[in-house]
Amino acid sequence: MDAQARSVLYRIIRKIPNRNIENLLRRWNCLSAEQLRDLDYTRPKWVIVEHVISLCEENRLSLKHVTNLEMIYRIENPDQGIWHACQLTEAQDDAVCVELTQFKEQFKAHLHGVIRHISIKMKKHEDEAIWIRIAWGDNFSKPNHLKPTYVVHHLHTSYVFISNLMAKHKIFLCQALVIATKHGSIKDGLLSTKSLTAMRDLLLRRYQQVFPNAHSRPLQERNTLPSHPCIGKEHKDHEERRHQMACEVFGHGATPKLESAVYRLETRYKGNGNYTQSDKEEFFRGVVKFSSSSLLESLRHCVASGMAEGPVTPLLSAITQRGRNYFVITDKGPGVSSQASSQRA
């Protein structure tokens, strides 16, 4: 094994709790049952790594085998690093007919055509997701397997999830994705999080949504104060309406575990009559960030409990309705209120 393969293997083993190493190596299927039994998983991590490396050298395993182990680990532990969502647009008529084999061939052909030294590995997961590992090089240097880019795409959907992509490689990856999926372009989805699971659940609507029913009142009527003589019953009805309103916006049951939402302000300060206080064209700039271990659940609780008044502001409901957690708030001049706009970060 060369130095790069050793480094990649060390980084993988170092991240895994000792109690999980055996199961991962067993799924890797590159070490024999006897070799797995010889490993002492109670020893310090560096001792285990050295033992695994010696077994790999004994079996004449290469960097190709080690990167396969890394992919197994990343697929089973998707909520690591920072993931960014992108959206494919302008689908061609035959985009729905793209098959996995065709996607692989065109994706690899394009990248190999523009970059001389590059390593591309693909796996199809049980949930139909295509996992892509890309180690980038250039015309003069070999691929750097210590800093690979990971891409996840579900065929016949418009979303692509990307982790650890350098700016100089972005154009090449976007071109490959557009060509392989038969779309016209790709844009920033303005959604980023540490949890790939939460991102996919939100964009692919893999959570329990609640829709307005025939008994739902207009949002403007839901926040009226109790006035019926039977105060207890009216309070209960009021609580039920708040809960319904919160679930319509943020979902029912388990919600995608987004951790933050960012609002960047680019507005001018206005005084009475909506006239700006200065003739200068400079914007008042600032950033507002909401953070929580489960932001959507926290927002839903605030609305359902009455801590936040209804109807829910579009600035918050847009997180689920538009599938974003980054917004730019601007104003369009005197007399026009600020609105959330989807400018690229």
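Helices here are DSSP runs of H or I with at least four residues, strands are E runs of at least two, and both are numbered from the N terminus.

Before going on, some housekeeping. You're looking at a predicted model, where local features need pLDDT of at least 70 and side-chain atom pairs count only at pLDDT 80 or more, while totals for chains, interfaces and linings use all residues. Residues are numbered from 1 along each chain as its sequence is written, and side-chain values use heavy atoms, with hydrogens and water left out.

β6 gives the largest share of the lining, 5 residues.

Next, click A180 in helix α7 (residues 167–181). Is A180 buried or exposed? It counts as buried because its relative accessibility is 0%, and the cut-off for buried is under 20% relative accessible area with a 1.4 Å probe, protein chains only. Leaving aside neighbours within four places in sequence, A180 is in contact (heavy atoms within 4.5 Å) with V98, F103, Q106 and F107. Draw a C-alpha distance from A180 to E99, 81 residues away along the chain, and you'll get 9.7 Å.

Now jump to α11 (residues 314–321), where L316, S317, A318, I319 and T320 are buried. Just after that helix, G323 takes a positive phi of about 65 degrees. Keep I319 selected: beyond four places in sequence, its contacts include L202, L258, Y263 and F327. I319 is also among the residues touching the most other members of the largest nonpolar core, along with W83, W131, F161 and F250. Such a core joins buried Ala, Val, Leu, Ile, Met, Phe, Trp, Tyr and Cys residues through side-chain atoms within 4.5 Å.

Last stop: colour by pLDDT, the predictor's confidence in each residue from 0 to 100. The chain averages 84, and 83% of the residues score at least 70. Over residues 217–223 it is below 50.

Technical notes:
Buried < 20%, exposed > 50% of the residue type's maximum accessible area, 1.4 Å probe, protein only.
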